[in-house]
Amino acid sequence: MGTSFAICRRELRAYFTTPLAYVFIVIFVAMNGATAFFFGGLFDRGQADMTSLFSMLPWLYLFLIPAVAMRLWAEERKSGTLELLMTLPVSTLAAVFGKFLAAWIFAGIALALTFPVWLTVNWLGDPDNGIIMASYVGGLLLAGSYLSIGGFVSALTKNQVIAFVVGAAVIFLFMMSSLDLILSAFRGWAPVFLVEVVQSLSFLVHYDSIVRGVIDIRDLIFYFSIIGVFLFANVVIVDQKRGA
Amino acid sequence: MSGLLEVNGLTKRFGEFTAVDGIDFSVGRGEVLGFLGPNGAGKTTAMRMVTGYLPPTAGTATVAGFDVRTQAIEVKRRVGYLPEGAPLYDDMTPSELLAFVSDVRGISGAARKQAIERSAERINIGHVMHQPIGTLSKGYKRRVGIAQAILHDPDVLILDEPTDGLDPNQKHEVRNLINEMATDKVIVISTHILEEVDVVCTRAIVIAAGKIVADGTPQELEARSSYHNAVSLRAAALPASLTGKLESLSGVAKIEAGSAENGQSTITIFPVGGAAILDPVSACLKEAGVAAEEIHVERGRLDEVFRNVTRTA
């Protein structure tokens, strides 16, 4: 466990010693504001809440989170530092977890920096802060599950651009799995329960219920299962790629 | 048998290609093993298996009795490793990198500070400790790589081309460092610089096409050279009859004329089967009235041995 935290600290420091962190945070916060105001109509809705921000969040994350996750393993493999890291007394699981945790903390910091919007709605009106808290939890879980997918894809390649594009595509499929776009591909041949399984994998369905203020244990289980499965797959790929 | 580092039947196949083909060796404390071979012979792959980076296809390596296949973490605790090309995190400073490696190796508090200072001092990188690694020269990067390998004072030190990219002074320093540390450790270095073998290694293993083709002390390897105990001499004037006289001596295999410079000629007299021929040769020279400017007995040439054993494999 200690090695995980050592890796996590190193990764976090790497975010902030390179321009990556600042560029990401500035763009994330600015785009959050912009989308909330222009597309979400934060003011026009005439309601003191943050629904407009949180309804755009899955779409912002769709391309911003793969940008954070793409470097996790692809960069290490490309620069050869993977060999340095994996010949230190570190288990693959500890390395995968440490890197994931750092990325998640980083995404959390960026999300927390949207707090001026929260201050604004509190100043202008009287929002339900319980719902806003739940929404932040939902946003964090969404970021974690996107990151676990992005990290897994990053372990498959040494090319960060491929990691980004494929990562975003896989996340998009998971987002869309409750919509006809994906479901119609299954309806023709798959049994009903499989269609329902696919439908239940949708990030949006689980996210929407949390953002409405209902933190259901099933939604938590869903997100942590997704994270667990992809971290496990990440471990397998890192081990397997070394053996090849 | 009970070396600190044991390698048994270590094999690595990548698909159809066999990179390392059943190598065995055992190294004990105090030995500095030079791992030689042409590029692509399997040196790096073998080192990657011993350090637990690549899983072997067959066979195994053990460090202090821990099997790298099943107890990789224990092996990694006891091994310091400089990977080929010294890959490092470019965005960190040497000081941060060494702190990170200490954390992962479970060295903390005062011990951490001491370990970092000691290894930075030993490898002489004190004055670049706070510059990003990405901005350092190749020689410094290599030394930072060595610093992280020796940080925890490991029992087994494995260095893949430690002097590659260093200038002659830096090479000298690194070789001194290896000699200093050699007494209580196993040190394995891969290199293609043959002079290094003479200077730092107590033993050399030559591998070619994944197999061990020679294993012995540098002296033993030199003895396999046709130059072993050959006599080279340089003189202002060599009478034409001398060659014939020398050739007729018993124990002389052949004579090769070397280059002529500044009016002086050189010749090399090769013995049969590496026998000592200095006495009969110098007697013969005296008889012929030749005044040699320089005369010396060759120890043997590693590069010739290297070419012979790696070409036939």
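## Exercises on a two-chain model

In this predicted model, 20 residues of chain A are in contact with 21 residues of chain B. Let's work through it together.

**Exercise 1.** Find which helix gives the most to the side of chain A that touches chain B, and sort that side by class.

*Solution.* Start with the helices that each supply at least two residues: H1 (2-17), H5 (81-86) and H13 (217-243) of chain A. Of the helices, H1(A) gives the most, with six residues. Now sort this side of chain A by class: seven residues are nonpolar, 10 are polar and three are charged.

**Exercise 2.** Decide how H3(B) and H4(B) are oriented to each other, and list the residues that meet.

*Solution.* First, locate the pair: H3 spans residues 94-104 and H4 residues 109-122 of chain B, and their axes come within 10 Å. Next, take the crossing angle, roughly 130 degrees. Angles over 145 would count as roughly antiparallel and 65 to 115 as roughly perpendicular, so this pair is oblique. The crossing is right-handed. Finally, look at the contact: B:Leu98, B:Ala99 and B:Ser102 from H3(B) meet B:Arg112, B:Ala115, B:Ile116, B:Ser119 and B:Ala120 from H4(B). By class, that makes five nonpolar, two polar and one charged.

**Exercise 3.** Explore the largest nonpolar core and name the residues that touch the most other members.

*Solution.* This core has 146 residues, and A:Ala103, A:Ala107 and A:Leu147 touch the most other members. Helix H6 (residues 92-112) of chain A contributes the most to this core, with 12 residues. Then zoom in on A:Ala103: leaving out residues up to four places away in sequence, A:Ala103 touches A:Val68, A:Ala69, A:Leu72, A:Leu147 and A:Gly151. Another core, of 12 residues, lies apart from the largest one and includes B:Leu242, B:Val252, B:Ile269 and B:Val281.

Notes: Residues numbered from 1 in each chain as written. Chains lettered and ligands numbered in written order. Predicted model: local features only at pLDDT ≥ 70, side-chain atom pairs only at ≥ 80, totals over all residues. Core = buried A, V, L, I, M, F, W, Y, C linked by C-beta atoms within 7 Å. Buried ≥ 20, exposed ≤ 12 C-beta atoms within 10 Å, placed from the backbone. Helix = DSSP H or I, 4+ residues; strand = E, 2+ residues; numbered from the N terminus. Contact = placed C-beta atoms within 7 Å. Nonpolar A, V, L, I, M, F, W, Y, C, P; charged D, E, K, R; others polar. Axes fitted to C-alpha atoms, helices over the stretch in contact; angles between N-to-C directions. Parallel < 35°, antiparallel > 145°, perpendicular 65-115°, else oblique. Left-handed = near helix turned anticlockwise from the far one by under 90°.
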